[in-house]
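Visitor: I have a model open and want to learn how to read it. Can you walk me through it, feature by feature?

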Amino acid sequence: MNVRDSEHIIAELKDENYKLTDDITQADLILINTCSVREKPVHKLFSEIGGFEKNKKVGAKIGVLGCTASHLGKDIIKRAPYVDFVLGARNTSKIKQALKTTKFVSTDINYDDSEYAFKEFRSSPYKAFVNITIGCDKKCTYCIVPQTRGDEISIPLNLILAEVEKAAKNGAKEIFLLGQNVNNYGRRFSNSHEKVDFSDLLNRVSGISGVERIRFTSPHPLHMDDKFLDTFVNNPKICKSMHMPLQSGSSEILKAMKRGYTKEWFLDRALKLRKLCPEVSISTDIIVAYPGESDEDFADTMDVIEQVKFEQIFSFKFSPRPLTFAANLEMIDDEIASKRLTTLQNRHNEILDEIMSAQMGKTHSVYFEELRADGMVGGRSFSNFSVMVKGSEELLGTTRDVIITQPKRMALIGELV
Ligand code: SAH
Ligand code: SF4
């Protein structure tokens, strides 16, 4: 989501004749787009901007954007007075105003960007990120996102379709739909709008000429009804990889987190998906050591891992965030938290090694999008495995069958068929 926000900002700045550079000493404007989901990146922000201030060109401006900008606001300028402006995650469209106004701070978390038509900039010609919702209405007790990105609002269907058409015409064969709860699309628009849900949206996007692959993140397990699973399984343009953020396998902890589903519901959906679509790969997010998590609760999380055998797990220790309910709860001892994280990650690695070894000799349809320095070209299989073959730039933007000859934990190496 931050990558897409950065693309929006770059697109607006092109109007003002800015060009991109990675060289801090050359830049007239230095922008830092921040995350605040966990605590670490927030600390990193202040050490990074201190370094930028030391090395920047005389007169260069520094702007802090994104979720940390939303929740710290003007305190960022108090702590780092050389920062020229602060623009919250939902205020991306105000970048030109920020450039023209001294010490501009805008952190309105419910600012309505949903109908704003951004200019065109894509960091990859092969795939296009397209926002479909902004904000989040859920109240997961650990999560700061609703406080930094505001209430959930859907972007009108006609704007999404126009953006997809434009991207497809410019050569992006893969469309990546973005939102905090994508499968809740259509819940609320800022103006009157025809009734449309995420399954309808997927079918409309797949009808656009030039679109070959559709991906999306994040869907919410609570909204994985049968209509959604059916659309996912049966629409041939939807890539068969599903992100199912579990957070915890314990129904008690899920209730304490206010996730709205139980262990049984999650397992029912994940196992039904595996049955309906044997080639699917399922990824997840897990938080260990949420306040109050007992050994039995953690064992429930491990049980879900055994049953679902996720292809990918993003796992984190609970990090207390300001403005959230869970920030005031008693933390679990850090040693126990670290031990649980290691147990989970070690078991996942064993499962992953089995999944990857089983790919040996199999053929995957790979869309190539990355030229690597080691003479390899990388891409993604339809079920989201990272696949690499020896090759050159002619492969970029093409979809080819690849037979896997060397499965590794993080990627599959293969040969073109
Ligand atoms: N909308 C998505 C999550 C977006 S945040 C969803 O509902 O799943 C991305 C991930 O960060 C979350 O899934 C969660 O696993 C993790 N996360 C969020 N807040 C956290 C916190 N306080 N501590 C640790 N991990 C957290
Ligand atoms: Fe955060 Fe929950 Fe919203 Fe995801 S659904 S962004 S975890 S509040």
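Visitor: Which domains supply at least three residues each to the shell around ligand 1?
Guide: Remember that this is a predicted model. In it, domain 2 (122-239) and domain 3 (240-357) each give at least three residues to the shell around ligand 1.

Visitor: Which residues come nearest to ligand 1?
Guide: The shell has 15 residues, and Tyr142, Gln180, Gln247, Asp285 and Ser319 come nearest. By class, the shell around ligand 1 splits into 6 nonpolar, 4 polar and 5 charged residues.

Visitor: How do I read the polar contacts of ligand 1?
Guide: Look for pairs of N or O atoms within 3.5 Å. Start with the backbone. A polar backbone atom of Ser319 sits 2.7 Å from a nitrogen atom of ligand 1. Tyr142 places a backbone N or O atom 3.0 Å from a nitrogen atom of the ligand. Now take a side chain. Arg38 has a side-chain N or O atom 3.1 Å from an oxygen atom of ligand 1.

Visitor: How much of the accessible area of ligand 1 does the protein cover?
Guide: On its own, ligand 1 has 540 Å² of accessible area, and the protein covers 91% of that.

Visitor: Which elements give two or more residues to that shell?
Guide: Strand E11 (281-288) and strand E12 (312-317) do.

Visitor: What about ligand 2? Which residues are around it?
Guide: Cys136, Lys138, Cys140, Tyr142, Cys143, Val145, Pro146, Gln180, Asn181, His220 and Arg259. By class they divide into 6 nonpolar, 3 polar and 2 charged. Tyr142 and Gln180 are in this list, and both are also named among the residues that come nearest to ligand 1.

Visitor: How do I decide whether a residue is buried or exposed?
Guide: Check the relative accessible area: under 20% is buried, over 50% is exposed. His243, in strand E10 (residues 241-243), counts as buried because its relative accessibility is 9%.

Visitor: Which side chains does His243 contact?
Guide: Its side chain makes a polar contact of 2.8 Å with the side chain of Ser283. Another, of 3.2 Å, goes to the side chain of Asp285. Asp285 is also one of the residues that come nearest to ligand 1.

Visitor: Why does Ala326 count as buried?
Guide: Because its relative accessibility is 0%. Ala326 lies in the loop between E12 and helix H13 (334-357). Now compare sequence with space. Ala326 and Thr141 are 185 residues apart in sequence, yet 5.4 Å apart from C-alpha to C-alpha.

Visitor: How do I describe a pair of aromatic rings?
Guide: Give the distance of the centres and the angle of the planes. This structure holds 10 aromatic pairs. Phe129 and Phe176 form a tilted one, with 5.3 Å centre to centre and 55° between the planes. The pair links distant parts of the chain: Phe129 is in strand E5 (residues 127-131) and Phe176 in strand E8 (residues 174-178), 47 residues apart.

Visitor: Are Phe129 and Phe176 buried or exposed?
Guide: Both are buried.

Visitor: Which residues do ring pairs link into a cluster?
Guide: Phe198, Phe216, Phe228 and Phe232.

Methods:
Residues are numbered from 1 along each chain as its sequence is written. Chains are lettered from A and ligands numbered from 1 in the order in which they are written. This is a predicted model: local features need pLDDT of at least 70, side-chain atom pairs count only at pLDDT 80 or more; totals for chains, interfaces and linings use all residues. Side-chain values use heavy atoms; hydrogens and water are left out. A residue is near a molecule or strand if one of its heavy atoms lies within 4 Å of it. A polar contact is a pair of N or O atoms within 3.5 Å; within protein, one must be able to donate a hydrogen and the other to accept it, and residues adjacent in sequence count only if both atoms are side-chain atoms. Accessible areas come from the Shrake-Rupley method with a 1.4 Å probe; for residues, only the protein chains shown count as cover. Helices (H or I, at least four residues) and strands (E, at least two) are DSSP runs, numbered from the N terminus. Ala, Val, Leu, Ile, Met, Phe, Trp, Tyr, Cys and Pro count as nonpolar, Asp, Glu, Lys and Arg as charged, and the others, Gly among them, as polar. Domain bounds come from an automatic or database domain assignment. Rings of Phe, Tyr and Trp (its six-membered ring) pair if their centres lie within 6.5 Å; planes under 30 degrees apart count as stacked, over 60 as edge-to-face and the rest as tilted. Buried means under 20% relative accessible area, exposed over 50%, partly exposed in between (1.4 Å probe, protein chains only).
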